[in-house]
Amino acid sequence: MSAERDVARVRGAFVGGMSGAVSMAAHALAGGSAPGQAPAVLLLAAAAAVGLLAAGTRLPIVGVLAAGQVVGHGVLSLDSGHVHVPDAGMLTAHTAAIVVAALLVRGAEHGCRVGLTAVRRATAPSFAPAPVAAPGWTPVAHHPRVRRGLLVAAGLGTRGPPVTV
């Protein structure tokens with residue numbers, strides 16, 4: 001099932017990328033400044049971890065995206081030095097972002113499956129190859145020059161192996 005493995009990788013890449021991007025965009029829209037080097041690296045690590053979680057399990061995409069946004073929000077709030085309780089507007093925006101991102105991920109999975117199917121059909125052989133004989137081999141009938149009488153006189157006889165062998 002390499003096609004499902006490829007689809008899982010696409011899912012993980014999209015979920016991880018969207019978690020990081022939505023966290024960064026929400027931070028900027030809320031008036032936050034650009035994160036420093038350490039929070040940016042932590043956000044990248046968090047997005048990669050969320051992507052690996054999405055690719056490695058069949059957890060609901062909505063739950064993984066929500067967890068990614070919570071982790072991303074927490075990482076970016078470490079840089080500003082304050083942790084705040086989200087208000088109704090922020091929760092609504094995060095919920096909308098989760099729903100839109102989940103729909104985009106499902107669309108990407110479907111597109112990946114369609115694309116892989118098209119490639120598989122285009123590259124599949126349309127005929128079975130004919131068997132090829134070994135080069136340079138020609139069957140030759142062997143006719144020994146020894147008379148049957150000599151074989152019988154030698155005690156070897158003319159009997160071959162049993163029929164069942």
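**Exercise 1. Overall architecture**

Task: Determine how many helices and strands the chain contains, and state in which order the elements run from the N terminus.

Solution: The chain has five helices and zero strands. The coordinates are those of a predicted model. Read from the N terminus, the order of elements is α-α-α-α-α. Of the 165 residues in the chain, 23% are buried. For contacts between residues at least 6 apart in sequence, 82% join residues at least 24 apart.

**Exercise 2. The largest nonpolar core**

Task: Identify which residues make up the largest nonpolar core, and state which element gives the most to this core.

Solution: The core has 11 residues in all: Val15, Met18, Val50, Ala54, Ile61, Val64, Leu65, Ile98, Ala101, Ala102 and Val105. Next, assign the core to elements: two or more residues come from each of helix 1 (2–29), helix 2 (37–56), helix 3 (61–80) and helix 4 (88–123). Helix 4 gives the most, namely four residues.

**Exercise 3. Helix 1 against helix 2**

Task: Describe how helix 1 and helix 2 pack: at what angle do the axes cross, and within what distance do they come?

Solution: Two packed helices are described by the angle between their axes and the distance between the axes. For helix 1 and helix 2, the axes come within 7 Å and cross at roughly 145 degrees. The crossing of helix 1 with helix 2 is right-handed. The residues that meet are Ala8, Arg11, Gly12, Val15, Gly16, Ser19, Gly20, Ser23 and Met24 from helix 1, and Leu43, Ala47, Val50, Gly51, Ala54 and Ala55 from helix 2. Sorted by class, this contact has eight nonpolar, six polar and one charged residues.

**Exercise 4. Two residues compared**

Task: Classify Val105 as buried or exposed, and determine how Glu4 counts at its relative accessibility of 33%.

Solution: Begin with Val105, which lies in helix 4. Its relative accessible area is 1%, and the cut-off for buried is under 20%, so Val105 is buried. Apart from neighbours within four places in sequence, Val105 contacts Arg11, Phe14, Val15, Met18 and Ile61. The C-alpha atoms of Val105 and Ile61 are 8.1 Å apart in space, while the two residues are 44 residues apart in sequence.

Continue with Glu4, which is found in helix 1. A relative accessibility of 33% falls between the cut-offs of 20% and 50%, and Glu4 therefore counts as partly exposed. Glu4 and Cys112 are 108 residues apart along the chain, with 9.6 Å between their C-alpha atoms.

How values were computed. Residues numbered from 1 in each chain as written. Predicted model: local features only at pLDDT ≥ 70, side-chain atom pairs only at ≥ 80, totals over all residues. Heavy atoms only, no water. Core = buried A, V, L, I, M, F, W, Y, C linked by side-chain atoms within 4.5 Å. Buried < 20%, exposed > 50% of the residue type's maximum accessible area, 1.4 Å probe, protein only. Axes fitted to C-alpha atoms, helices over the stretch in contact; angles between N-to-C directions. Left-handed = near helix turned anticlockwise from the far one by under 90°. Contact = heavy atoms within 4.5 Å. Nonpolar A, V, L, I, M, F, W, Y, C, P; charged D, E, K, R; others polar.
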